[in-house]
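Trainee: I would like to learn how to read a structure one feature at a time. Where do we begin?

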Amino acid sequence: MAKLIDEKLLDEAAHWLARMHASDFSASEQAALVQWCTQSAAHAQVWRCAQHIKRQLHEVPSSLGMAVLNRPASVTNRRHLLRNTALTLVAVPVLGWLTSQSLPWQAWSADYRTAKGQRRTVVLADGSRITLNTASAISASMRSDARLIDHYEGEILVETAHNAVYQHLPFIVQTRDGQMQALGTKFIVRQHEQGTTLSVLEGAVRATPAHLEQAATVHIRQQLRFTGHALGATTALDTHAGAWTQGVLYAENMRLEDFLRELGRYRNGVLHCTPEVAGLLVSGVYQLSDTDRILHLLAQTLPVRLQMRTRYWVSVVQA
């Protein structure tokens, strides 16, 4: 007879599965998750189950996942699903429902989404092109008063078009922090745990925080970070701001902790380093198509080694 799993662990695992896929999952939470997983063999077993659910999600038809989005969420239901999967390790039809509860509703109902490590380019009705970076989600609507992009999470590259039918309508990208109106341009919008970064590659963009009447116009080769309540200072554009569109990650004397946080955007699972190596500097050009290779390169070029419990759980420690 299968051994029953502590319901408290199931609740905690469901919580961590939800947090791990949230756009604001922080480095401190990554460390806390690693600590939680190593508390006991039971913790590790339940987490392997949770990871199994995540992997199996990719096999669930999208139509099925969306069909169950409106089912009521409850800890009991989520725990029940996790328990059943822990005991059988067999995918079940409501996996799509579990993950719908784990991710922001807006991102799941978005018109266009990308998974971690995926990029995608879409062409809108007016001819504008939107390229979505890893783990990003947007909706687009051509309204009578504006061309509106609701940017829910992640990072996008916007290349506005000049279609005569739509040209009189303002082109607006909206995040939780505010609005950005394109002034005939090409620009990048990235959402962080706190704040939005606007990087202008061509033309200009006017940014208006959600709770501030003041606006700022950002010109070519400039960037601005702002929140719903404040505008930061306009600075020179990061030379490699758009490198991700070519599947490349640039690093120039970047702290290892920061590098791993950036790399983690393109890789599923937990990725972190210990405090002893966090300040090591990383430089180079890395192909994002193979994040495993990047990690092994770090071990070859820095005084570090990899502790890989699974591919989805990697710690970088002192060699």
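Mentor: We begin with one residue, bearing in mind that this is a predicted model. Asp292 has a relative accessible area of 22%, so it counts as partly exposed. The cut-off matters here, because buried means under 20%.

Trainee: Which residue forms a salt bridge with Asp292?

Mentor: A salt bridge is a side-chain nitrogen of Lys or Arg within 4 Å of a carboxyl oxygen of Asp or Glu. Asp292 forms one with Arg311, and their closest N and O atoms are 3.0 Å apart. This pair links distant parts of the chain, with Asp292 in helix α9 and Arg311 in the loop between β18 and β19, 19 residues apart. Arg311 is partly exposed too, at 37% relative accessible area. Arg311 also lies over the face of Tyr312, 5.9 Å from the ring centre.

Trainee: How many salt bridges does the structure hold?

Mentor: There are twelve. One of them joins the side chains of Asp258 and Arg261, at 2.9 Å from N to O. Both residues lie in helix α8, three residues apart, which is about one turn of the helix. Asp258 is partly exposed at 30% relative accessibility, and Arg261 is partly exposed at 42%. Elsewhere, Glu155, Arg190, Glu262 and Arg265 are linked in a network of salt bridges.

Trainee: How should I read a sheet?

Mentor: Strands of a sheet pair through backbone hydrogen bonds, either parallel or antiparallel. Here, an open sheet of three strands has the order β16-β19-β18, and its pairing is mixed. β16 (270-273) and β18 (304-310) each have a single partner strand and stand at the edges, so one side of each has no neighbour in the sheet. From one strand to the next, the twist averages 15°.

Trainee: In which sense do β16 and β19 run, parallel or antiparallel?

Mentor: They run parallel, joined by four bridges. In this pairing Val270 stands opposite Trp313 in β19. The ring of Trp313 has the charged end of Arg309 over it, 4.8 Å from the ring centre.

Trainee: Which helix lies across β16, β18 and β19?

Mentor: Helix α8 (residues 256-263) does, running at about 170° to β16. Helix α9 (residues 291-301) packs on the sheet as well, touching β16, β18 and β19, and its direction makes about 145° with that of β18.

Trainee: What is the strand order in the open sheet of seven strands?

Mentor: The order is β2-β3-β6-β9-β10-β13-β14, with antiparallel pairing. β2 (120-123) and β14 (235-236) are the edge strands; each has a single partner strand, so one side of each is left without a neighbour in the sheet. β2 pairs with strand β3 (residues 129-132) over four bridges, and Val123 stands opposite Arg129 in β3.

Trainee: What joins β11 to β12?

Mentor: A hairpin does, through six residues. The two strands run antiparallel and share four bridges, and the bridge partner of Arg206 in β12 is Thr217. β11 is also joined to strand β8 (residues 178-182) by five bridges, again antiparallel.

Methods. Residues numbered from 1 in each chain as written. Predicted model: local features only at pLDDT ≥ 70, side-chain atom pairs only at ≥ 80, totals over all residues. Heavy atoms only, no water. Pairing = 2+ DSSP bridges. Axes fitted to C-alpha atoms, helices over the stretch in contact; angles between N-to-C directions. Contact = heavy atoms within 4.5 Å. Lys NZ or Arg CZ within 6 Å of the ring centre and 35° of its normal. Buried < 20%, exposed > 50% of the residue type's maximum accessible area, 1.4 Å probe, protein only.
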